[in-house]
Structure formats: C-alpha cells, structure tokens
Amino acid sequence: MTQPASARALPRPLRLALLRYRVMANIVGVLLIVLILIGVPLANFDGTPMWGIFGSTPAIWTDGTRAHAVGEFITTVLGIAHGYLYMIFLVMAFLLSRRARWPIGFTLVTLICGTVPILSFWAEHRATRRVLREHPVPAGTPAAVNG
C-alpha cells in the first residue's frame, strides 16, 4: 500500500527539481502580476496610443508625473528581470517535467501557464500536486509515517 508523498519524502533529485520549479514559478508569477497590473497601467495610461494596438489609452496619469515615472521604472527594470527569470523558469519547469516523467501535453500546459498572470500559480499548484500524487511513498517507511 502507498500513500501520496510529502515533498520531504520524494527522492532528493526530484525534491530539488520540484523546489527549484516552485521557487521560480512564484517569483515569475509575482513579477508578472506587478509588471502587468501595476507597471503597465502606470506607464501607459496617459491617453496616448499604446503599442500600435490601442488607438488611445485611458488618460489617468500624464507623462512626467511621479506615477508615470514609477510605471516606467517598473516596466523597464522588472520587465528585463522578468524576461531573464522567465527563461530560468522555463528551464526549471522542463527539467522537472523530465525528472517527473510528465507527458508532453502536461509539460506544455505547465510552460504556457507560466506566461499568464494569476494562472501561473494554479499551474504551480497543479504540477506540485501531480508530482506528489505520482511519486507515492510506500506505507510504513519513515517518510510516510512522519509525513
């Protein structure tokens, strides 16, 4: 008889791969939320066209105000940081997928969900649950007894 593993009961290589993935998923998720929900509106809601897609944005902050400057800082600094960290996230997610032997479909959904604000947290939870479910600990082992 087996029971679902706790993260501590997983084999060390899988446990470390899961930890690295979870850390990167949360960092990238938080940065993406700050970037999209705070930085972009502050930097771009000045009534001008945005990205050649929108003819006009809401005129909430004008160019040169402190809010606009904060938005520019967030989109520049966090945008660059997020880009580099997202690449690390993709590598960590892929390495976990190979170590946990996920099918390609599950792997692709996990990688794609990392690009969507808020959804990345659901994908991290889903991936963690799957690893713990698919790598059970035999009942009676110290890790299974101690949880």
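## The nonpolar core

The largest nonpolar core of this predicted model has 20 residues, and those with the most contacts inside it are Tyr21, Phe89, Leu96, Trp102 and Val131. A nonpolar core is here a set of buried Ala, Val, Leu, Ile, Met, Phe, Trp, Tyr and Cys residues joined through side-chain atoms within 4.5 Å, where buried means under 20% relative accessible area, exposed means over 50%, and partly exposed lies in between (1.4 Å probe, protein chains only). At least two residues of this core come from each of the helices α1 (12-44), α2 (66-99), α3 (104-113) and α4 (119-134), and α1 gives the most, with 7 residues. In soluble globular proteins, nonpolar side chains tend to be buried together.

Tyr21 is one of the core residues with the most contacts. When residues up to four places away in sequence are not counted, Tyr21 touches Phe89, Met92, Ala93, Leu96, Thr110, Ala123, Glu124 and Ala127, a contact being heavy atoms within 4.5 Å.

## Basis of the model and overall layout

Residues are numbered from 1 along each chain as its sequence is written, and side-chain values use heavy atoms, with hydrogens and water left out. Because the model is predicted, local features need pLDDT of at least 70 and side-chain atom pairs count only at pLDDT 80 or more, whereas totals for chains, interfaces and linings use all residues.

The protein has 5 helices and 2 strands, which follow one another from the N terminus in the order β-α-α-α-α-β-α; helices (H or I, at least four residues) and strands (E, at least two) are DSSP runs, numbered from the N terminus. Of the 147 residues in the protein, 37% are buried, and among contacts between residues at least 6 apart in sequence, 66% join residues at least 24 apart. The protein exposes about 8500 Å², of which carbon and sulfur atoms supply 70%, as computed by the Shrake-Rupley method with a 1.4 Å probe, and for residues only the protein chains shown count as cover.

## Aromatic rings

There are 3 aromatic pairs, and ring pairs link Tyr21, Tyr86 and Phe89 into a cluster. Rings of Phe, Tyr and Trp (its six-membered ring) pair if their centres lie within 6.5 Å; planes under 30 degrees apart count as stacked, over 60 as edge-to-face and the rest as tilted.

Arg130 lies over the face of Phe106, at 4.3 Å from the ring centre. A charge sits over a ring if NZ of Lys or CZ of Arg is within 6 Å of the ring centre and within 35 degrees of the ring normal.

## Salt bridges

The structure holds 2 salt bridges, each defined by a side-chain nitrogen of Lys or Arg within 4 Å of a carboxyl oxygen of Asp or Glu. In one of them, Glu124 is paired with Arg22, and the closest N and O atoms are 2.5 Å apart. Glu124 belongs to helix α4 and Arg22 to helix α1, so this pair ties together parts that are 102 residues apart in sequence. Glu124 is buried, at 8% relative accessible area, while Arg22 is partly exposed, at 34%.

Glu134 forms a salt bridge with Arg130, with 2.7 Å between the closest N and O atoms. Both residues lie in helix α4, 4 residues apart, or about one turn of the helix. Glu134 is partly exposed, with a relative accessible area of 33%, whereas Arg130 counts as buried at 15%.

## A buried histidine

His82 is located in helix α2 and is buried, with a relative accessible area of 12%. Apart from neighbours within four places in sequence, His82 is in contact with Val28, Leu31, Leu32 and Leu35.
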